[in-house]
Amino acid sequence: MKTFNYHAAKDVKEASKLASNSSAFLAGGMTSIPSMKLGLATYKDVIDIKHIKKLSGIKVSGKSVTVGATTKHAEVASSKDVKKAIPSLAKLAGGIGDAQVRNRGTVGGSIANNDPSACYPSACMALNAIIHTNNRRIEASKFFKGMFETALKKGELIEAVEFKIPEKSNYQKHPNPASRYAIVGVYLAKHKKEVNVAVTGAKSSVYIDKDLSKALSSSFSSSAIDGMELDSSEMNSDIHASAEFRASLVTTYAKKAVEAC
Amino acid sequence: MASLVGSRVERKEDKRLLTGKGRYTADINISNQTYAAFVRSPHARAKIKKVDTSKALKASGVVSILTGEEIANDKIGGLIAGWAIRSEDGSEMKVPANPPLAKDSANFVGEPIAVVFAESLDEAKAAADLVNVDYKILKGVINTADAMKGETIHEGIDKNLCYDWLLGDRKAVEEAFAKADKIIKVDLINNRCVPNAMEPRACVVDYNTASEEITLYTTSQNPHLSRLIMSAFGGVAPENKLRVVAPDVGGGFGSKINVYNEEIVCSWASKKIERPIKWVAERTESFLTDTHGRDHVTHAELAITNEGKFLAFKNETTANLGAYARVFGTVTPTYLFGPCATGVYIIPAAYTNVKAVYTNTAPVDAYRGAGRPEATYTIERLVEKAAMELGIDRTEIRMRNFPTEFPFKQTLVHTVDSGDYVAGLEKAKQMSDYAGFEERRKKSVANGKLRGIGVSSYFEACGIAPSAVVMSLGCGVGLWESSEVRFNPTGQVSVFTGAHSHGQGHDTTFAQIAADELGISLEAVDVVHGDTDKGTFGMGTYGSRSLAVGGIAIVNACRKIVAKGKRVAAKMLEVSEDEIDFKDGEFVVTKSNKKKTIGEVAFACYLPGSRDSEFKSPLPEGEEPGLIETSFFDPANFSFPAGSHIAEVEIDPETGEVKVEKYTAVDDFGRIVNPLVVEGQVHGGIAQGIGQALHENTEYDETGQLITASYMDYTMPRADNFPEFNLGFTCTHATSNPLGVKGCGEAGAIASPPAIMNAVIDALGGQEISMPATAEKVWKACKVLKKSNSKAA
Ligand SMILES: Cc1cc2nc3c(=O)[nH]c(=O)nc-3n(C[C@H](O)[C@H](O)[C@H](O)COP(=O)(O)OP(=O)(O)OC[C@H]3O[C@@H](n4cnc5c(N)ncnc54)[C@H](O)[C@@H]3O)c2cc1C
C-alpha cells in the first residue's frame with residue numbers, strides 16, 4: 001500500500017473541503033481499502049467520515065425511510081423500523097456479502113461506488129429514492145451514470161438516502177457464489193401508480209427493466225411475465241454467468257419477487 | 001481405569017488455536033530481519049532474456065537482490081519429484097529441472113525469477129516492482145487434454161509427456177470386453193482445485209554466523225522430510241547445520257508437503273546476506289504457486305453382464321502435472337490412483353493407463369485424497385450409470401459386486417485385509433431413509449423442483465507407509481514413522497513424533513494413545529512435533545498415515561517403556577519379571593498384590609540409588625538408567641478405510657441452484673481413537689469434496705492467466721452450502737497394526753464428489769455434467785430436460 005494522509009473529518013464541511021482529485025472518503029472501507037491495498041487505487045488523502053454523527057441513522061416518516069450515508073448494512077438489516085416500513089430493504093441489506101462486510105459497509109459507500117453488481121443501487125431505483133448530498137437532492141434515476149460512475153461531483157458528499165415506501169416490494173438475488181455480490185439482483189416495487197423492476201448485476205450499471213415493469217404495471221402477477229425473453233445483447237458475461245443465463249435469471253427472479261410480495 | 005482411546009476427548013490444542021494463542025510461522029519475528037518479496041513471472045511461458053536489477057538496487061531500504069543466475073552459480077539444487085515412475089515401455093519418466101529461481105525460462109504465472117530483500121515489506125515490494133525482466137513471450141500449453149499436441153515446454157521432453165504408465169492387463173481386459181453384454185462408458189473431467197489452506201505459506205530464516213547453522217521456520221506438513229530434501233538435493237546445508245521448525249500449521253491438504261522455491265531461496269540467501277529473512281505469501285501468491293490438486297481427463301469403460309455383474313474395467317487418463325513434477329506429483333496419478341480405480345468391487349480384469357503431461361500451469365501434487373478421489377469418481381460414476389442403464393437399483397448393483405470375504409485380493413495391487421462393504425451400505429441406506437426417497441422426489445416435483453439421490457461406495461489405500469512396497473514402486477524414501485517416548489523423573493511424559501499436525505488434533509489423539517498405554521493421565525502427556533531438533537526422524541503427515549503409522553510407533557515405544565519398567569519393577573519388588581502384570585499404570589505382583597506405580601518406577605530409573613540404604617540399585621544388572629524409548633514402525637501393508645455415502649440434492653430448474661438436502665456418510669475407519677476428532681475430519685473432508693463437486697472452479701484462460709486467483713472469483717464452499725451431515729460408522733479392525741486403526745483424514749473428500757454428482761445427474765434425468773456443477777451448467781441441463789420431457793409428453 002502506498003502512503004497517504006489520513007484525516008478524521010469533524011463535520012461534513014471539513015470533509016468536503018479536504019476533498020480533491022486525489023482523495024477518497026472513507027466510510028466502511030470495504031471497497032476503498034482493498035483497492036488501495038491491491039494498488040488499483042492510490043489516494044493522497046483519505047478522509048474518514050465515520051465520525052460525523054449526522055451521517056448515520058435511520059428515520060422513518062409516513063412516506064419514506066431515510067438512511068444516513070454511513071449507516072451500516074447490518075444496522076439496516078436489523079432495524080425494526082425498516083423491517084416494518086420496507087421489509088425488502090432490510091432483507092437486501094441482510095443479504096450483502098458476509099457478516100464482516102455488513103458490519104462495516106455503508107449505504108453511502110455502496111451507492112457512491114456504484115459497482116455494477118452491488119445491491120443497493122437497485123433499491124434506490126425501484127424505490128424512487130432521493131440521494132441527499134451536502135448541496136443538492138438527486139433522483140436515483142439521474143444518480144447512477146454507468147459502471148462505477150455517479151452524478152457526484154468532486155467534494156460532494158452523500159448525507160442520506162431517502163427511499164419511498166411502496167405498497168409492496170421484494171428483492172431477489174442470485175449471488176455470485178464466490179463473492180456473494182449479485183450476479184443478478186431484481187428489486188421489485190409496486191407503488192400506487194407504477195411498478196418498478198430495477199435490475200442490478202446484469203448490465204454495466206443498474207437499470208429499470210421497462211418490459212417487465214410495464215407488464216407488471218398492467219397485471220401484477222407472475223403469469224404476466226412468465227416465459228418473457230429479455231434481450232441479452234447488453235448483458236454482462238463472465239466465468240460465473242453468460243449473458244443468456246443472466247437474461248433468463250432476470251425474468252425468473254422478477255417472477256419470484258412477484259410471488260413473494 | 002476407563003480407556004481414553006475411543007472417548008470423545010476435547011482437543012487439547014483448541015484452547016491455544018481458538019483463542020489466538022497459536023504460534024504460526026508468520027508470528028515469528030527475529031530481530032534485524034529483512035523482508036523478502038519475489039519477482040514472479042506474469043507470463044505462463046516465456047524465455048527470460050535479461051533480468052535487470054540496477055534500478056531496484058537503488059531503491060530505498062534494499063539490502064540485496066538475488067536472481068536465478070546467482071543461485072545457479074552457487075550450485076543450489078532445484079525442486080524434486082519424489083517418485084520415479086516408469087512408462088509402459090520400460091523407459092524412465094522425464095523430469096525437467098526446476099530451479100528455485102528461474103534463470104532461462106518461466107513456465108507458469110507466478111514462477112519466481114528473482115527476490116528482493118529489504119528493511120521493510122513495503123520497500124521490498126516496491127523494489128520488486130522495479131526489477132526489469134526482459135521476456136520473450138511464448139505460446140503456452142494450458143489445456144490438459146491438448147497438452148501432448150502443444151509446443152514442447154521443456155527441451156527434450158517430447159509431447160510434454162512425463163510418462164505413459166500402465167497398470168493391469170490390456171489383453172485380459174479386451175477379452176472380457178468382447179464377451180460383455182453391455183459396455184458402460186464415461187468421459188470425465190476431474191476439475192483442478194486450489195487447496196486454499198487457511199494459513200498461507202510462509203518462512204522465516206535465521207542464519208547463525210558463528211555456528212553456521214540455518215534455522216528455517218516454515219509451513220510444512222513434514223519438517224524432517226523438508227530438511228532431507230533441502231540438504232540432499234538442494235545442497236543448502238548439511239542436515240546437521242539445518243534445523244527445520246514447523247510450528248503451528250494452519251491447514252495444508254497436501255499443499256504443504258513440498259519444499260518450495262521460497263524456502264530454498266530464503267535459506268540460501270540468509271547465509272549469503274547474513275541477515276534473517278521473513279517471507280509470508282499473500283493470498284494471490286498462494287493461489288498462483290501452492291501446488292494444486294486433481295486435473296484429470298478420463299475416458300473409462302466398464303464391461304458388464306445383463307445381471308449387473310462387472311467383468312472388466314478400463315481407464316484411459318491424462319493427468320496434468322502442471323509446469324514441473326513435484327514431490328508426490330508423479331505418484332498421485334499412478335500408484336495412488338490406478339490401484340483404487342476398480343473401487344470396492346470384484347472386477348476380474350482391469351487396467352489403468354495414465355499419460356502425465358506438463359503444461360504451463362501451477363504444479364499439481366497431492367491434495368486431500370491424492371489420486372483416490374479421482375479413482376473413486378471414475379468407478380462410482382460408471383457404476384451409477386450401469387445401474388441406470390440396466391434399470392437395477394443403484395445399491396443393489398453395488399451389493400452384487402462387493403467382495404464378502406476378507407482378505408480381499410483386489411484386481412490391481414492391494415490385498416485388502418479387512419472390511420464389510422455390505423454392512424456399510426446397508427447402514428447408509430437405513431440412515432438416509434433411502435426407501436423413502438421416491439416420496440421425497442414427488443414432493444419436490446410438486447414444488448417445481450428436481451430431486452436426485454446418489455451413492456458412492458469407496459475404499460482407499462492409506463496409512464501410506466510400507467517402505468518395501470513404496471520403494472519398489474519408485475518412492476525415493478522409506479515411509480515408516482518414528483517416535484520417542486520420554487518419561488521425566490517426576491512422572492510426566494513427552495511423546496515425540498515425526499508426524500506433524502496441521503489441524504488434525506495430534507496433541508490430543510496421540511496423548512490419548514500414550515496415556516492409555518502407560519496408564520497415566522492425559523494431562524501428564526505432551527506431544528512434541530514439528531522440529532527437527534526435537535525427537536527422532538519422521539516422514540510427516542499426509543496420506544492419512546499419522547495414526548496408522550506414526551501412532552503405532554508411539555504405541556510400540558510405550559510398550560518398550562513398559563517392558564523396561566517391568567524389569568525394573570521386578571527388581572524393586574524382588575520378584576521375577578513374569579510374576580508381574582502391568583495394568584492401569586501399575587506393576588503388580590499377581591500373587592501378593594504388592595505394586596509399584598509407573599511413576600515410581602520412572603523415578604527409580606533416574607535415581608538409581610539412595611543415601612540412607614546400603615548400596616542397592618533398583619536397576620537390574622546391566623540395565624541403563626533413564627526411561628526413554630524409541631520406535632520406528634514400518635507396517636506390512638497399507639490400511640484400507642471404506643464406506644458408503646449417500647447424497648440427496650434438490651435443484652431449482654429455473655436458477656440452476658443445487659441444494660444439498662441430505663448427506664449421509666457411513667465409514668469404516670477401524671478402531672476409532674477419538675470420535676470427536678474423527679467426525680471433524682469427516683466433516684471437513686465432505687465439505688471439501690462438495691466444494692469440488694459444486695463450487696470450486698480453477699480456471700486458466702487460454703494464455704495461462706489464472707482468472708480465479710482470488711475469493712472474488714474462486715468459490716470456496718461456506719457453512720451455509722451444507723446440510724447437517726449425518727455420520728455413522730461400522731468397524732472392522734485393520735490387521736496391519738496393533739491398534740486396528742485405518743485412517744480417516746481423506747475419506748470424506750474421496751467419497752463425496754461422486755455421491756454429489758451422482759445425485760445431481762440423477763436429478764437431471766441421467767444427463768452428464770462436469771464438476772463443478774455450477775448454476776449455469778445445471779440450468780442448461782434443466783432446459784434440455786424440459787425439452788425432452790415435453791417431447792415425450
Ligand atoms: C466480500 C465483499 C462482498 C460484498 N458483497 C456485496 C453484495 O452482495 N452487495 C452489495 O451491494 N455490496 C457488496 N459489497 C460491497 C459493500 O457492501 C460496501 O457497500 C461497499 O464495499 C462500499 O461501502 P463502504 O462503506 O465500505 O465504502 P468505502 O469503501 O469506504 O468507500 C467506497 C467509495 O465510496 C465513496 N464514499 C463513501 N461514502 C461516501 C459518501 N457518504 N459520499 C460520497 N462518497 C462516498 C468513497 O470515496 C469511495 O470511493 C461487498 C464487499 C465485499 C468486500
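**Ligand shell.** I worked from a predicted model. I counted 32 residues around the ligand. The closest are G29(A), M30(A), T31(A), T106(A) and C119(A). I then sorted the shell by class.

Which backbone atoms meet the ligand's oxygen atoms? I noted a polar backbone atom of A27(A) at 2.8 Å from a ligand oxygen. For G28(A), a backbone N or O atom lies 2.8 Å from an oxygen atom of the ligand. For G29(A), I read 2.7 Å between a polar backbone atom and a ligand oxygen. I checked the cover next. On its own the ligand has 970 Å² of accessible area, and the protein covers 91% of that.

**Elements and domains.** I looked up which elements supply the shell. In chain A, β2 (23-26) and α7 (107-113) each supply at least two residues. The largest share comes from α7(A), with four residues. Where does the ligand lie relative to domain 1 and domain 2 of chain A? Domain 1 (5-164) and domain 2 (169-260) both give residues to the shell, so the ligand lies between them.

**An open sheet in chain B.** I moved on to chain B. Five of its strands form an open sheet with mixed pairing, in the order β7-β15-β14-β13-β8. Why is one side of β7 and of β8 left without a neighbour in the sheet? Both β7 (161-168) and β8 (182-190) stand at the edges with a single partner strand each, so one side has no neighbour there.

β7(B) runs antiparallel to β15(B), residues 349-358, and seven bridges join the two. Within this pairing, D164(B) stands opposite K355(B) of β15(B).

**A hairpin in chain B.** I then traced β26(B), residues 642-652, and β27(B), residues 657-668. They run antiparallel, joined by 11 bridges. One of the bridge pairs sets G643(B) against D667(B) in β27(B). The two strands form a hairpin with four residues between them. In the turn, G656(B) has a positive phi of about 75°.

**The other partner I traced.** β27(B) also pairs with β28(B), residues 725-730. How do β27(B) and β28(B) run, parallel or antiparallel? They run parallel, and six bridges join them. I noted N726(B) in β28(B) as the bridge partner of T664(B).

Key. Residues are numbered from 1 along each chain as its sequence is written. Chains are lettered from A and ligands numbered from 1 in the order in which they are written. This is a predicted model: local features need pLDDT of at least 70, side-chain atom pairs count only at pLDDT 80 or more; totals for chains, interfaces and linings use all residues. Side-chain values use heavy atoms; hydrogens and water are left out. A residue is near a molecule or strand if one of its heavy atoms lies within 4 Å of it. A polar contact is a pair of N or O atoms within 3.5 Å; within protein, one must be able to donate a hydrogen and the other to accept it, and residues adjacent in sequence count only if both atoms are side-chain atoms. Accessible areas come from the Shrake-Rupley method with a 1.4 Å probe; for residues, only the protein chains shown count as cover. Domain bounds come from an automatic or database domain assignment. Two strands pair if DSSP finds at least two bridges between them.
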